[in-house]
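Let us read a structure together, feature by feature, with the general idea given before each case.

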Amino acid sequence: MNHVVAYQLLSDELNTYRALSFAELVPLVGERSSRINHRDGIDYRLEVAVAKSPAAHDIHVTCSIGEANWGSPHDRLEDAIIIHQPA
């Protein structure tokens with residue numbers, strides 16, 4: 001896996017969610033998605049989960065990426081963002 005490409009894909013995906021308002025994210029809570037993004041001859045699987053923190057009422061968006069090809073190394077990168085509920 002090309003880590004530079006993977007980090008860029010991960011960052012781009014989280015920036016998409018970061019651009020949404022809290023109100024726009026609320027309907028996405030509980031959703032999980034997975035998609036393949038092909039770059040530099042490698043298929044990368046991006047997985048995203050959107051969850052709401054019951055205590056703080058914040059929304060957590062977690063994203064992970066790794067190679068999608070069968071038998072590829074189990075190398076994965078993960079990152080997350082927290083969107084706070086407006087006061």
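Q: Is E13 buried or exposed, and what is its relative accessible area?

A: This is a predicted model, in which local features need pLDDT of at least 70 and side-chain atom pairs count only at pLDDT 80 or more, whereas totals for chains, interfaces and linings use all residues. Residues are numbered from 1 along each chain as its sequence is written, and side-chain values use heavy atoms, with hydrogens and water left out. Buried means under 20% relative accessible area, exposed over 50%, and partly exposed in between, with a 1.4 Å probe and protein chains only. E13 has a relative accessible area of 11% and is therefore buried.

Q: Where does E13 sit, and what is it in contact with?

A: Helices (H or I, at least four residues) and strands (E, at least two) are DSSP runs, numbered from the N terminus, and contact means heavy atoms within 4.5 Å. E13 belongs to helix 1, and, if its neighbours within four places in sequence are left aside, it is in contact with R35, L46, V48 and C63.

Q: With which side chain does the side chain of E13 make a polar contact?

A: A polar contact is a pair of N or O atoms within 3.5 Å; within protein, one must be able to donate a hydrogen and the other to accept it, and residues adjacent in sequence count only if both atoms are side-chain atoms. Here the partner of the E13 side chain is the side chain of R35, at 2.3 Å.

Q: What is the strand order of the open sheet, and which strands stand at the edges?

A: Two strands pair if DSSP finds at least two bridges between them. The open sheet has 4 strands in the order 1-2-3-4, with antiparallel pairing. Strand 1 (32-39) and strand 4 (76-83) are at the edges, each with a single partner strand, so one side of each has no neighbour in the sheet.
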